[in-house]
Amino acid sequence: MDRYVIRQRRVFHARPETAFTEFWTSVTIAAELRRLGLRVRTGPEAIDLSQVPALPGPADLAQAADRARAWGAGEDDLRAVLAGHTAVVADLEGAAPGPTVAVRVDIDALPLPESTSSGHLPAREGFAALDREAMHACGHDGHIAVGLELARRLSAGDFAGRVRLLFQPAEEGGRGARAMLGADVLAGVDRLYALHLGLGLPVGDVAAGTHGFFANSKLRAVFTGRPSHAAAAPEEGRNALLAAAQATVGLYALPRFATADTRVNVGVLHAGTAPNIVAGTAELGLELRATSGEVCDELERRARNVLTAAGAAGEVAVRIEQIGGATTARCDPAAVRTVARAVRSLPEVTGVHENYRFGASDDATLLMRAVQANGGTATYVVVGASSPAPHHSPEFDIDEACLGIAADVLERAVRGTAEDPAV
Ligand SMILES: [Zn+2]
Ligand SMILES: [Zn+2]
């Protein structure tokens, strides 16, 4: 059992931070990478926030900064990240010429309180979240640990080519990858490996390639009507709550598509202030997904119509804003082959999948497409983790045996990339 990678996983598991507030997380990652001798980029050099929708507000940022200080982040290090610049990019130069290989891991947690049950290993062993508002419920704590372990193993430079490690914030919600692209972090990259732990695979199984990514679009709709007395002047009101409720029902009535698998979810509805006031405001948060980018765009177009029409029916103004998204992607056979070859050389791997069905979304797809658009190749690797509960649930956990396996797979894939004639 590899202690370093497990120790790191537990340190990050205990300190979960959500999208664009990964202050302690990114400062700690950068410090560890510098200690290992890597060239590290942080702040605006690693991420461009100028086009990011729905960034956390000043109060949320200030609260997150105080928490990071309480966890020991130093003021000098924090300064670079405090506006939400929480990406970290690190470069390693190999001893011989070769391709530039990027590995992307995501680092954010979810807004979800962690289970305190004694059956939940992090609670039982004392490394559950120190903050009740967030939890590493998707395995990104493990991704960070594997990324650092990879840096440790490659830090001597005994490989051909260059390695770039991308520690990406804000995967949940689908905003971090696009923002990192804005800082040109993929310049010169010939091959990209994206990693996820778990996703239904048991420990010992590894997917060298995946398919079935959902493109998605996340929208926020703000309904603005007019409040009024519920008994004395109801006709003077313009009911934003009712418009939002009608829009919700209408959104779930969007059609299925013959050409793609789709999903619709309204996950947020806040409205009104008191039972005796016609609700003047309401806010909906929703997402649309499809296994085809075109169908996802069409779903979004129709969803906007439903929202606007529900507002118009009640004379309520509607403002719609896209707050995140991801696209579909395909894994390149050459990249899948390199990983599959690496996986087959590992005795601890018992099941190898070359085209595993992903069945969810990840904005790594934007990075994969960007590399492919520049003539490079990419694959999305899944390393089995045997969680007792689904991703995004309070009892989610990874079997830590997956961490060493993931590091072995990626190390061998990175080292093996230079031997691939297609790169
Ligand atoms: Zn997730
Ligand atoms: Zn995830």
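In which sense do strand β6 (residues 205-207) and strand β14 (residues 377-383) pair, and over how many bridges? The two strands pair in the antiparallel sense over two bridges, where strands are taken as paired if DSSP finds at least two bridges between them. The model is predicted, so local features need pLDDT of at least 70 and side-chain atom pairs count only at pLDDT 80 or more, while totals for chains, interfaces and linings use all residues. Residues are numbered from 1 along each chain as its sequence is written, and chains are lettered from A and ligands numbered from 1 in the order in which they are written.

**Figure 1. Overall view of the protein.** The secondary structure comprises twelve helices and 14 strands; helices (H or I, at least four residues) and strands (E, at least two) are DSSP runs, numbered from the N terminus. The radius of gyration of the protein, 23 Å, is close to the 22 Å given by the globule rule for 423 residues, so the protein is as compact as a globular protein of that length. This radius is taken over C-alpha atoms, and the globule rule is 2.2 Å times the number of residues to the power 0.38. The C-alpha atoms fill a box of roughly 80 × 50 × 40 Å along the principal axes.

**Figure 2. The open sheet and its strand pairs.** Eight strands form an open sheet of mixed pairing, in the order β1-β2-β4-β3-β5-β14-β6-β12. Its edge strands, β1 (39-41) and β12 (351-353), each pair on one side only. Neighbouring strands of this sheet are turned by 20° against each other on average, direction ignored; axes are lines fitted to C-alpha atoms, for helices over the stretch in contact, and angles run from 0 to 180 degrees between N-to-C directions. β1 and β2 run antiparallel and are joined by three bridges, with V40 partnered by A90 in β2. Six bridges link β2 and β4, again in the antiparallel sense, and the bridge partner of V88 in β4 is F167.

Figure 3. Helix α2 (residues 23-35) lies across β1, β2 (88-93) and β4 (160-168), and runs at about 15° to β2. Helix α6 (residues 140-154) packs on the sheet, touching β2, β3 (96-106), β4 and β5 (191-197), and its direction makes about 160° with that of β3.

**Figure 4. Helix α11 and its surroundings.** In helix α11 (residues 364-373), the residues A364, T365, L367, M368, A370 and V371 are buried. A residue is buried if 20 or more other C-beta atoms lie within 10 Å of its own, exposed if 12 or fewer, and partly exposed in between, with C-beta atoms placed from the backbone. The buried residues of α11 pack against β3, α7 (176-182), β5, β11 (317-326) and β14, contact being defined by C-beta atoms, placed from the backbone, within 7 Å. G375, which follows α11, has a positive phi near 90°.

**Figure 5. Two loop residues with positive phi.** A54, in the loop between β1 and α3 (58-70), is a residue other than glycine with phi near 55°. It counts as partly exposed, with 16 C-beta neighbours inside 10 Å. L199, in the loop between β5 and β6, is likewise a residue other than glycine with phi near 55°. L199 is buried, with 22 other C-beta atoms within 10 Å.

Note on methods. Two residues are in contact if their C-beta atoms, placed from the backbone, lie within 7 Å.
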